[in-house]
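Welcome! Please take a moment to look over the sequence and the 3D view, and then read on for a short tour.

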Amino acid sequence: MPTSPLRLAAFALAVVVALAVAVPVPAQDARVEAARKEGKVVWYTSLVLPSAERVAKLFETAYPGIKVEVHRTGSERILQRVMQELQANIRNADVIHTSDAGHFVLLKGKNLLMKHAPAGVDPFPAGFKDKDGYYYGLRATLNVIAYNTKAVVAAEAPKSWKELLDPKWKGKLVTAHPGYSGVIATHVLALSHLHGWDYFKQLAQNRVMIKQSAADPSVVVASGERVVAVNGGEYTAYKAKKKGNPIEIVYPREGVPLVVSPTAITAFAPHPNAAKLFTDFTFTRDVQQFLADSEGLYTGHPDVKYPADKPKLSDLKLLTVDPEELEKRNEEIKKKFVEAFGA
Amino acid sequence: MDRALVVWVGAALALVFLMAMPLAWLTVMSVSSEAGTTLGHYRYVFTDPALAKSLWNTVVLAFWVGLVSIAIGAPLAWLTARTDVPGQGLIRGLVLASFVTPPFLGAFAWEMLAGPNAGLLNKVWRGVTGSDHPLVNIYTMPGLIFVVAIYTFPYVYIMIANTLALIASDLEDAASILGAGRLTVARTITLPMVLPAIVSGFILSVLQALALFGSPAILALPAGFHTITTQVWSFFHFPPKIEAAAAISMPLLGATAVLLWLQKRLLGRRGYAAVGGKGGTRRRIALGAWRVPALLACLAVMACAIFLPYGILAKAAFSRAWAQPVGWDNLTLANFTFTFFEYGATRAAIVNTLELGVITASVGAVLVAVLAYVTNRRLVVGHQIVAFLAFAPVVIPGIVLAVALFIAYTRPPFVLYGTLAILFIAYLTKEMPVGYGQSDATFRGIPPDLEDAGRILGAGRLRVLRDITAPLAKSGIIAAWCFIFIGVIRELSASIILFTPNTKVMSVVIFDLKEEGQFGAIAVLGLVMLALTFVTVAIVQRALGRDVLGARE
C-alpha cells in the first residue's frame, strides 16, 4: 500500500500515464471490433481497377477479417448505379469515390452522405475539403496529352490543347468520354472555360476515336492504335510509361485541368463502422504515399513525397472547376460532347 | 377438365409476369410524363436528328448483315449439303463454333485484328505492301456489318443446309434429262425450292442484328455512331431518360414483330411437296478440280470467324501488351493471376453466371418439355394458343425486354431489381422460344403409337410417361437444356440493363473491363466463357448422337 505522499504521487502519475497510453487503444479496438462485426465494406470506386484492388488488399492486410468489396466502374456510371439502386430501395454502397466532384454536391444536397472527417485531413489544402465536412479529396490527377514516341518525335508532339486542332492529326487522336469518366467531365468543363465549346466541335473534325474510361486513351496510344491522346488521367499515362510503353506525357502550356476525386460515406451505409475505418485508412500517410509512389497520383497530404520524374503541382498552371458548377452542368457537358463527337 | 385448368392458369400467370406486365409498363412509360400522358417522347425519338440517325444506322446494319449472311451462308450450305467438298465434318463443326461464339467476344477480338493502326492484320498488310493505309478499318459501318455477319450467317446456313438435305435430286435430274443446262437447273429447280429457306435465313439474320448490343457498343461507339440498342443503353446513363428508352424500344419491337410475321407467312406458304419428304436419293455434285479451292474458301470464312479471333484472344491472354509481338519478354501469366486472384468481381460473376445458367436451363427445360408434351399430345383445349405463347417472346429483343422488366420490377409490388431473380426472368423469357422449338421437335419425333401401346397394355398415363416417353425424349430435353444454358452464359443485351454490382454476370464483367481497356483480363474471361460453351456443346453432341446444327434424320 502506498503511504508516503511521494509514493502516492508517483502511483497517481503512473495511473495517469497508463490511462493516457491505454485509453486510445481500447477506443481503436472498439472501432475495429465494430467494423469486424460488420465484416466488410462495399466500395463503389472509379479508381482504375488494378489500383483499387491494391488499396483493398492493403486494407485487408491491415485489418484481417474485414473484406473490401470493390465495385469499379466509371464515375458517371457509379452515380447512375447509386441512383438506380436507391430508386429500387437498394442500399448497397458504403463508400462512394468518384472523380466528378459534382456528384458529391448532388448527393449531399439529397442528404445521401454521412458527415465524417477522416483522421488527419486538417492540413489538406482547401480544394480537398468540403466546407460542410461531408466529402474529402482522396487523390488527385491531371488531364494531360499523351503521345506515342514511336510515331511522333518530341519536337513534333503537340504542346498545347489548341495544337490538337491541327488537321495533321486527323484520324490519329483518341479521347475518353465525359458520360463515363468524371476525370473527363471535369476536363471538358475546364477546357470549355478556356477555349469555349467550339474547341470540341473543331476537335471532332479530326475524327477522334471515342473510348470510355480516362484510363483507356493511354492504353490505345501505347498500343499504337492512335498516336495522340487528347485527354486522360495523368496517373494511368505515367504508369504506362513506367512500364516501358512508348508513351510520353505533355502538360499543356495553356493550363492543366486538376481533378480532385472526393470520397464520402453514404448516409445509408449498411456497414458504417467498416466504412469509417476504411475511409480513415485511405487517408493515412502510408496509403496516401502508396497512391503517390505506386499509382502515380497526387494527394492532399502535406507529408507525401512524389517521384522525382513527376512535375510539382506548383510548377504547373492548374485549371480547376467549381464542384457546384460541375454538378449543375453535368447533363449539358455530356450532351454537348455527344453532339460534337456523335456518340 | 382440372388438368386443363392447371395448365391454363400456369401459362396465364407465366405470361403475365414474363411478358404482359413488363410490356404494359413499357408502353405506359413511353407515354407518361410528370404532366400526364404525352406523345412527346415519341416525337423526340423520331425528330431528334441524332436519334433518327441511330434508327437509320440500325436499319442499314440489319439489312446488310442479312445480305452478307446469305452471301456467306448459302454457298457454304450448298457446298456441304450437295457437293463432295472435302472436310465436311470440319466445316460443319466450325459453323457450329461460329454459331455459339458470343458476338461481343468476336467484336472485341476483331478490334485487335483490324484496328486501323495497331490491328494485327493491318500491321502485316503494311509490312508486306509498304502501304500507309490500313487494309481494313473495323471501326466503321462496313467493319461492324462484317463482324456481326460472320457470327450470324449460321442462321442462314442452318435453314438452307437442312432444306437442301431434304430435297431429292430427282427433280434436278428430270430437268437435266429434259435438256436444261446446269445453270438453268439451278435457277429453275434448286433456287425456287430453297428460296423460302434463304428468305427465312435472311429475316433471322436481320433480327439478330437488330437486337445486338455488344458489337455496336464495341465497334460503333468509338467511331462516333449509335444504333438503337446502344442508344437505349445510353438513355439509362445519369440523368436517366427511361421514358425515352421505352419510346425508342417500340420501333425495335414493331420491326421484330413484322419481320417474324413475314417469315411465318413465307414459310407457311411453302407448298413444295419435295421438301420434307424422305424419298428419293440425294446425289452429291462432283466438284472435280474445284474441290480444294472450295475447301479453301470455306476455311477462309472460318479463319475470319474462328481461327483469327480465337488466336488473338489467346495471344492477348498470355501477353503483357497485346499489340506487341509474341516473345519471351511479352509472355506472362499475370492476366490469369489478376483475373482469378486479384480481381474480386471474377469469382462472383462466374458463380452468378453458372447459377443462373443451371437454374434457367433446368426450369426452362422442364417447362418447355411440359409445354411441348401438352401441345403435341393436344392434352388441353386451346393447345395451339399455348404453343403460340411459348413462341411469343421471340418478338422481344433482349434489350427491350430488359427495359420493360426494369420498369416493371423496380417498383412495388414486385421489387426484383438488384436480385438474380430479375435476370432469371429475363433469361427464361428470352430463351423459351429456342427451348420450346427444340422440345417441340423432340415430341413430334416420338410417335404416339408407342404410348398408346403402353396404355392398351394397361399402364397409366404417368407410367407411360415414365417408361416410354421420358426415355425417348431424354436426349431432346438434354439438348434443350444445353441450348438454354449456352444462351444464358453469353447473354449481354438484357444483362447490361438489369445487373447491379452484386448480380454481375460474366458478360457484364467483360463489358465493364472493356470500357476500362483491360484487354488481358477480358481475353482470359472470354476464353473461360468459350470453354464453358464448348463443353456444353460437346454434351449435346453426345446426348443427341448427332450434329447440333442438323435436322437430318
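## A sheet in chain A

In chain A, five strands make up an open sheet of mixed pairing, in the order β8-β7-β9-β6-β10. Its edges are β8 (209-210) and β10 (247-250) of chain A, each of which pairs on one side only. Please keep in mind that this is a predicted model.

Strand β6 (residues 145-148) of chain A runs antiparallel to strand β9 (residues 228-229) of chain A, and two bridges join them. Here you can find Ala146(A) opposite Ala229(A) in β9(A).

## Two domains in chain B

Now turn to chain B, which is divided into domain 1 (1-38 + 333-553) and domain 2 (42-280 + 288-331). Taken over C-alpha atoms, the centres of domain 1 and domain 2 of chain B are 24 Å apart.

## Where the domains of chain B meet

In chain B, 50 residues of domain 1 are in contact with 49 residues of domain 2. About 4300 Å² is buried between these two domains of chain B, with carbon and sulfur atoms giving 79% of that area.

Seven residue pairs are in polar contact across this interface of chain B, and one salt bridge is found there. A salt bridge links the side chains of Lys514(B) and Glu111(B), at 3.2 Å from N to O.

## The domain 1 side

Several elements give two or more residues to the side of domain 1 of chain B that touches domain 2, including α1 (2-30) and α23 (506-516) of chain B. The largest share, 13 residues, comes from α24(B). By type, the residues on this side of domain 1 of chain B divide into 33 nonpolar, eleven polar and six charged.

How values were computed
Residues are numbered from 1 along each chain as its sequence is written. Chains are lettered from A and ligands numbered from 1 in the order in which they are written. This is a predicted model: local features need pLDDT of at least 70, side-chain atom pairs count only at pLDDT 80 or more; totals for chains, interfaces and linings use all residues. Side-chain values use heavy atoms; hydrogens and water are left out. Two strands pair if DSSP finds at least two bridges between them. Helices (H or I, at least four residues) and strands (E, at least two) are DSSP runs, numbered from the N terminus. Domain bounds come from an automatic or database domain assignment. Contact means heavy atoms within 4.5 Å. Buried area is the accessible area (1.4 Å probe) that two parts lose on being put together, summed over both. A salt bridge is a side-chain nitrogen of Lys or Arg within 4 Å of a carboxyl oxygen of Asp or Glu. A polar contact is a pair of N or O atoms within 3.5 Å; within protein, one must be able to donate a hydrogen and the other to accept it, and residues adjacent in sequence count only if both atoms are side-chain atoms. Ala, Val, Leu, Ile, Met, Phe, Trp, Tyr, Cys and Pro count as nonpolar, Asp, Glu, Lys and Arg as charged, and the others, Gly among them, as polar.
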